[in-house]
Amino acid sequence: MSDETTSEKLTELAKRRGYFFQSSGAYGGVGGFYTFGPQGAALKGNLEDAWRERFALGEGNMEIDAPTIMPEPVFEASGHLAGFDDMLIECPECGTSTRADHLVEDNTDYEDAESLPIPEVEAVVAEYELACPECGAGLAGVAIEEFNLMFATSIGPGDSQPGYLRPETAQGIFVEFPRLKEYARNTLPFGVTQIGRAYRNEISPRRSIIRTREFTQAELELFVDPADDDPDLSAVADVPLTLYPASEQGADGSHLETTVGEAVADEVITDPWIAYFLGVSRTWYERVGVDMDRFRYRQHLAGERAHYAADCWDAESEIDGNWIEIAGFAHRGDYDLSKHGEHADERFTVFQQYDEPRTVERAVVDPEMSYLGPTFGGDAGAVVAALEELAETDPEAFDAETVTVAVGDDDHEIPVEQTGFALEEQTEAGEHVTPHVVEPSFGVDRTLYTVLHHAYSEDEVDGEERTYLALEPTVAPTFVGVFPLQRDDDLETEANTIAATLRERGLSVTYDSAGNIGRRYRRQDEVGTPFCVTVDYESLEDEAVTVRERDSTAQKRLPISDLAETFTALRSGSLSFDELEG
Ligand code: GAP
């Protein structure tokens, strides 16, 4: 076996067998953009379907499909315009831009340089005499800049308005909250999912499809009542978890083997919703083929969290000795809905009806307009609004003889007796609540990469080296290869009929009659096709075929009439090849 890393071998296999390759190769290609070939597109589709089945349908959530371009005010409100930056260091010799935190992490013992302030990163670059990865020129003393990762565009011709390609699918959900809450009949909790493209102008896209500039996210935004919407953890309490809590992330940090229930009881995971989704996602990742011995959940360090996140855990997979983030589970609090509520014209709250109407004391004002009008002229309306707001937010301000409100740059002093201030008893049916958001956010491309990397296998069959992808039948892009033993009209007719029958059942079938049967098996092994069917001369007599399983290469003889049903069961996981008689 060669010295190449699995990633290197996988990149070559992915291109040769149609999984993925760099886009626009005919024009020299451009960093950070990949095309999924026929196998890759099918695998991606299967992973998205599996995600949808579990996180949308399985949880009773609604799925939407929003545009990828959004106007500037959305990102002013969300904080992305001001804060969605990475640290950029530009080589003074060759002009190559590099992410400064990655440069530090790759060449020193620092694990989380992203959380350091820029001057500290500049100091580390100088102390370790770090150099440009492209030309080797020293970078000590070079200023590091904040670089906003959003792709800017303009919407419409002429005096077009600025827009951005969304850097996360989540914003497409948040901005539609005022309508989505109606579909949920104003009842919390409710969840909205979206699977779609996101765009980030990464400074240094790298490691194949792991860090690209256009990628697919599968996100769930769960809107919960901050007062009382805890999940029922009983269904996931026993799910095993490998955790890497923030407290363990030092020189000698170790993993904690626990369960969802124990992690909550021991307060390692403090938010029950995050615990719930770690449990659900762990089972899901295992189902789609992520190797659980190369998988963990890592808690973000305080300085590492996104601008909106109160707590965050990442799902990480091991790739050639490195841990990569494949999903984030964040508690975003009321950050997003509050911000959109402040900036937009609609309400980003839910009216929560009380079980019984409640009598509450409210501070109200009923200003004397015959005083305010002549005194404040055109400002009188604004003074009334300011008094109303002050009564609501700070009723004690009315305890004095006069009260002061600001209108524009001016402070106005008003005798309290002219404000009509009073405390009134009011009956209220409910209140407006800003929901909190719990967000499992999956990177589809990184999941796909992990599934392929963990499936990549080599062994020896009949004295020959073999490469195969041990993909789970549920997600394998091609489920079955159908072969006539050799080129012969009768065998080919029968094989084609079998292929057509299986396709009618919704299975992904490839038909191959080229080359010797061993070579055809090898081709399908490399693609990761779980099963192959060979039609031989006996098949024409006994109406049975040879079915070969990819990983074990074991073969069984099965009746043609049973194939569709058997394969459907094998694909869903309700039957295993070992259980088959034949
Ligand atoms: N809405 C939350 C959010 O976007 P994130 O951690 O920035 O959180 C979520 O992104 C997931 O998207 C990551 O865990 C990763 O799998 C994927 N992702 C982020 N940036 C990516 C990139 N440049 N290329 C490929 N996948 C990326």
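This is a predicted model: local features need pLDDT of at least 70, side-chain atom pairs count only at pLDDT 80 or more; totals for chains, interfaces and linings use all residues.
Residues are numbered from 1 along each chain as its sequence is written, and side-chain values use heavy atoms, with hydrogens and water left out.

A nitrogen atom of the ligand is 2.9 Å from an N or O atom in the side chain of Glu 439, and a ligand nitrogen is 2.5 Å from an N or O atom in the side chain of Glu 168. On the backbone side, an N or O atom of Gly 443 lies 3.3 Å from an oxygen atom of the ligand. Taken alone, the ligand exposes 550 Å², of which the protein buries 92%, with accessible areas from the Shrake-Rupley method with a 1.4 Å probe and, for residues, only the protein chains shown as cover.

## The shell around the ligand

Strands E11 (214-224), E16 (322-333) and E21 (436-443) each give two or more residues to the shell, and E16 provides the largest share, 5 residues; strands (E, at least two residues) and helices (H or I, at least four) are DSSP runs numbered from the N terminus. The shell divides into 5 nonpolar, 5 polar and 9 charged residues, where Ala, Val, Leu, Ile, Met, Phe, Trp, Tyr, Cys and Pro count as nonpolar, Asp, Glu, Lys and Arg as charged, and the others, Gly among them, as polar.

## Backbone geometry in loops

Most residues other than glycine have a negative phi, and most peptide bonds are trans. The peptide bond from Leu 188 to Pro 189, however, is cis, with omega near -5 degrees, and Pro 189 is found in the loop between helix H8 (177-183) and strand E10 (190-199).

Asp 462, although not a glycine, has a positive phi of about 50 degrees; this residue lies in the loop between strands E22 (456-461) and E23 (464-469) and is exposed, with a relative accessible area of 76%. Here exposed means over 50% relative accessible area, buried under 20% and partly exposed in between (1.4 Å probe, protein chains only). Glu 267 likewise has a positive phi, of about 60 degrees, and is exposed, with a relative accessible area of 60%.

Key
A polar contact is a pair of N or O atoms within 3.5 Å; within protein, one must be able to donate a hydrogen and the other to accept it, and residues adjacent in sequence count only if both atoms are side-chain atoms.
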